[in-house]
Amino acid sequence: MDTLAGHVLWFNDRYWYLVIALLVIAGIYFSIRTFAVQIRFLPEMFRSVVERPGGDDAEQGVSAFRAFTVSAASRVGTGNIAGVALAISVGGPGAVFWMWLLAVMGGATAFVESSLAQLYKVRGKDGFVGGPAYYIRYALRQPWLATLFAVIITVTYGFVFNAVQSNSISDSVQANVGESTTVAVVTGAVVAVLTAAVIFGGIRRLSSVTKVIVPVMAVSYIVIALIVVLINITEVPAMIALIVGHALGFEQVTGAAFGAALMQGMRRGLFSNEAGMGSVPNAAATAAVSHPVKQGLTQSLGVYFDTIIVCSATAFIILLSNPSFGSENVEGVSLTQSALEAQLGGWVGPFLTVVIFFLAWSSILGNYFYGQSNIEYLAGERARPWILAYRLLVVLCVFGGALGSVALIWNVADLFMGFMATINLIAIIPLGGLAVKMLKDYERQRALGLNPVFRSSSLPEARGVSLWREGETEAMQLVSKSD
């Protein structure tokens, strides 16, 4: 496993320069084209996330908040705890700065990809479905590339990322009770059984679980982080200076140079907030909203919630505990856990295990949905037997991930994540103009005091749009009771 992990890492270290270049180009380009929508529309994001669906389409999709929690379930997981710890362990404190920067730029990218997903969503058997495969096929007219993306995201999220989440749960449990194959097997079996109980119930059961688990666990973790910050409040300015100084090369930490900080920050940041990767649009498309821009804004908020709040919580816990950086013995969950125990005592170890368990498990549920929605795209009317096979394989990967090598699983996750992001970014950069025009339409209606309602006739250049016709959008006038 170590040899294979080394080969995958060698390839990632070279290929990821292309991925980082695309992420930066897309983030800057969309920020300019939208006049920094991810900053200007922050208050509007909170309005969009709590809107209630109304009209005939309310029964077809889920609410904006439920779509948000499905995407947050995938975002807020071990990437926020184990991933941030891994980034600091390898890349030093400067990795945190690059996570923040990617989040700010990625907010615009998330807005574009999620707005496009809403524009090109279609009606499925159980509600709305959509995502990159749909806008690549119908807007770019590249069905082969759409098929390739659908296959890669299914493998990445259904199998690889779910193995990562299960691996982190197992790592956390063993950090408390001791390393043991028996413990790993039992942990993997428990998580696999719980996963099977939910994923065989469909998107509504899945979203009803994630809408409870994600907020409760995330808030609990943030409260613990705030306690650590308050205990060490006098050290916070020095910590911020360390993050910025190391990121920009003003300070060097043994074994963790500028390049390592940049690479780790970008990789772990993308794994955590997923902006530009093409995963979140699959959840964004399920929402019943009156205007595609509303889901674009909602998912931009998700990037901030994930990285600026939850990832920062982990970073502050670790950096306020004076850990060592750039060590050859790469640490994930165990680094966060040891830092918390040093600050608050041994009781916090089991608490963190519970938090990681539920956050990682909710991520498994969110990841599963992304794969299912793309199998439905690939198989169409014949999707049911393929989905059954997919569910069984997901359960097996969840079980197997608990037994795998930490380094190998994370390196393979980076590889597939890079492939996904490359395809999605190549697609949305030329399609970004459609999102910009939808934003202008939204702004115009807001300026008139209206609850924005989108009609396909207002964007005639959009090819292949199957919904949003005149009659279909009239019923959405009362989407938000607050408006």
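These legends go with a set of close-up views of one predicted model.

Local features are read where pLDDT is at least 70, side-chain atom pairs count only at pLDDT 80 or more, and totals for chains, interfaces and linings use all residues. Residues are numbered from 1 along each chain as its sequence is written, and side-chain values use heavy atoms, with hydrogens and water left out.

View 1. Helices (H or I, at least four residues) and strands (E, at least two) are DSSP runs, numbered from the N terminus. Of the 483 residues, 62% are buried; that label means under 20% relative accessible area, while exposed means over 50% and partly exposed is in between (1.4 Å probe, protein chains only). The accessible surface is about 17600 Å², with 67% of that belonging to carbon and sulfur atoms. Those areas come from the Shrake-Rupley method with a 1.4 Å probe, and for residues only the protein chains shown count as cover. Among contacts (heavy atoms within 4.5 Å) with a separation of 6 or more, 84% are between residues 24 or more positions apart.

**View 2. Helix H17 runs through residues 383-401.** Its 19 residues reach 26 Å from the first C-alpha to the last, close to the 27 Å expected, where the expected span is 1.5 Å times one less than the number of residues. Ala-383, Ile-387, Tyr-390, Arg-391, Val-394, Val-395, Val-398 and Gly-401 are buried. Look down the axis of H17 and these buried residues fall within an arc of 140 degrees, so they line one face of the helix; the arc is taken from the directions from the helix axis to the C-beta atoms. Turned away from that buried side are the exposed residues Pro-385, Trp-386 and Leu-396.

**View 3. Phe-200 sits in the loop between helix H9 (181-199) and helix H10 (203-231).** This residue is partly exposed, at 37% relative accessibility. Leaving out residues up to four places away in sequence, Phe-200 touches Leu-388, Arg-391 and Leu-392. Phe-200 and Arg-391 are 191 residues apart along the chain, yet their C-alpha atoms are separated by 7.4 Å.

**View 4. Ala-150 is part of helix H8 (residues 143-177).** With 0% relative accessibility, Ala-150 counts as buried. Setting aside neighbours within four places in sequence, its contacts are Ala-133, Asn-374, Tyr-377 and Leu-378. Asn-374 is 224 residues away in sequence but 5.2 Å away in space, C-alpha to C-alpha.

**View 5. The largest nonpolar core holds 79 residues.** A nonpolar core here is a set of buried Ala, Val, Leu, Ile, Met, Phe, Trp, Tyr and Cys residues joined through side-chain atoms within 4.5 Å. Phe-111, Leu-119, Tyr-120, Tyr-135, Ile-136, Leu-297 and Leu-434 touch the most other members. Helix H18 (residues 406-447) gives the largest share of this core, 16 residues. A second, separate core of 37 residues includes Val-96, Ile-222, Val-310 and Leu-344.

**View 6. Phe-35 and Arg-141 both have a positive phi.** Most residues other than glycine have a negative phi. For Phe-35 the angle is about 55 degrees; the residue sits in the loop between helix H1 (2-33) and helix H2 (37-40) and is exposed, with a relative accessible area of 60%. For Arg-141 the angle is about 60 degrees. Arg-141 lies in the loop between helix H7 (132-138) and H8, and counts as partly exposed at 45% relative accessibility.
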